[in-house]
Amino acid sequence: MSNFKTGLRKNLIKSLPEEDLQKWFDPLSIQLDSSGYIHISFPHQFFAAWFHANYKDLFESCLKNSLKRETLFIYNNPPGFSQPEQEKYVAEAQPVNTEKQSFANFLFNQKNEFPFFAASSFAKLQAKSPLLIIYAPGGCGKSHLLRAIYEEINNNDTKKTIYFANLIELGTKVTNNRTSIAKELQKINAADVILLDDVQFILNITGIYNLILNILDSVPERNKILALTFNCTPELCPSLDSGFKSRLEGGLLIEIKKPDIEIRRQYIKQQCKIMQLELAKNDVLELALNYTEFRQIKGALNKIAEFKSIYNNNLNNEPVVLNKILNRQDKERKSLDAEHIINCVARYLKVEAKEITGASRAQNVVFARQAAMYLCRTLLGLPLEAVGRSFGGKDHSSVLYSIKKIEKSIDKNKDVNNLMQILKNTCVSALPKK
């Protein structure tokens, strides 16, 4: 067994039974090449047909979760293997997203305002530059923005011909003979709008690499517009040569920042609505605290939905079920609660926690108390009465007044807005790591 396959097996055994791995994983020959492609071979044609029909999807899903990166799967099918429905068996590097991704459902806040509005302007054909470059780590929404551009142009300018491709998926299709380079080059040449996702893989598709180079040299003359996405800033992308990088310098470069806890909470609520999945507020917060990328969150929600459908389990009635579903051990860890928030605010604003929960009317203490009440309400979703009990028995009207006061200050004062963001992050980051 190769070192690569042995390492994969050690990861898979954490979530799959030993007898399953012996049945469908151990007989496979698995190799990782220098380009990052995974080559899979089979002992004979009958095993290949059985694997493709029953375990291919599970295999790819487990490997993606294990490697925590995008990759290409290349199946070396044995002689005699019949593949009448080619579409069914060829590996897709990413799961198909059945939800229409648009600007309307792209979640963002102040730190990602510029990427959102720049992409929106580009989609309306109002941008100054015909070249848009979007970069972000995986799971931050760059593919969503690119698809939103496609939807906007496709719906509002029917005369424009659009070419959209994810280069990981395209590389898989070319490798497995689902399409030809010549066919794709013809489509690109004919397109008015070229949208390419995961361009860090472009060197793996020689013909398309050369054509995009030529187009970048003469974008205005060709009357084309291009939007490209990368998983890091192109300047630091190791898979791009200097010639390609230099041609990107005249484009509009935008970075999508990682979603913060507020955006992650909104995303969880949005996905729960789409999936018709009910989660308690504490479970929503727990997911938002533990997962920092949209893909990770979606995977966790899929797991929860599957658990509920099988066992008809009501998550609201069993506080520990989330840890069970997500295969997390019950380790000692202080949870995010009102006491923790009060202590964090007290330390940051240099007042005593007992002053915040007491009756002091000193201006700095009153502000700290109002800020802590606001955070208890927004981070924990506590009822007004519960917030009041955590602050020495304050009545709900006093709590409501404090929260409204902070909300108004956030709207009117940038310094207060920034301070509250810092306090939120402080409360979350101060939790002991797992």
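Reply: Begin with pairing: two strands pair if DSSP finds at least two bridges between them. This model is predicted. In it, β1 and strand β2 (residues 37-41) are joined by four bridges and run antiparallel.

Me: Which residue is the bridge partner of S29 in β2?

Reply: S29 has S41 as its bridge partner in β2.

Me: What is the strand order in the open sheet of three strands?

Reply: The order is β1-β2-β3, and the pairing in this open sheet is mixed. At the edges are β1 (29-32) and β3 (72-76), each of which pairs on one side only. On average, neighbouring strands of the sheet are turned by 20° against each other, direction ignored.

Me: What lies across β1 and β2?

Reply: Helix α1 (residues 3-12) does, and α1 runs at about 105° to β1. Such an angle is taken between N-to-C directions, from 0 to 180 degrees.

Me: In which sense do β5 and strand β6 pair, parallel or antiparallel?

Reply: β5 and β6 (residues 193-197) pair in the parallel sense, over five bridges. Within this pair, F164 stands opposite L195 in β6.

Me: Is strand β5 mostly covered or mostly uncovered?

Reply: The general idea first: a residue is buried when its relative accessible area is under 20%. Strand β5 (residues 162-166) is mostly covered, with four of its five residues buried. As a rule, side chains in a regular strand alternate between the two faces of the sheet.

Me: How do I read a single residue in a loop?

Reply: Take N112, which lies in the loop between α5 (86-89) and α6 (113-123). With a relative accessible area of 6%, N112 falls under the 20% cut-off, so it counts as buried.

Me: Which residues is N112 in contact with, leaving aside its neighbours within four places in sequence?

Reply: Contact means heavy atoms within 4.5 Å. On that basis N112 is in contact with E255, I256 and K257, its neighbours within four places in sequence being left aside. For K257, the backbone nitrogen lies 2.8 Å from a polar atom of the N112 side chain.

Me: How many helices and strands are there in the protein chain?

Reply: The protein chain has 22 helices and eight strands. Of its 434 residues, 47% are buried. Among contacts between residues at least 6 apart in sequence, 70% join residues at least 24 apart. The chain exposes about 22,400 Å², and carbon and sulfur atoms supply 49% of that area.

Methods:
Residues numbered from 1 in each chain as written. Predicted model: local features only at pLDDT ≥ 70, side-chain atom pairs only at ≥ 80, totals over all residues. Heavy atoms only, no water. Helix = DSSP H or I, 4+ residues; strand = E, 2+ residues; numbered from the N terminus. Buried < 20%, exposed > 50% of the residue type's maximum accessible area, 1.4 Å probe, protein only. Polar contact = N/O pair within 3.5 Å; in protein donor to acceptor, adjacent residues only side chain to side chain. Areas by Shrake-Rupley, 256 points an atom, 1.4 Å probe, with all protein chains shown as cover.
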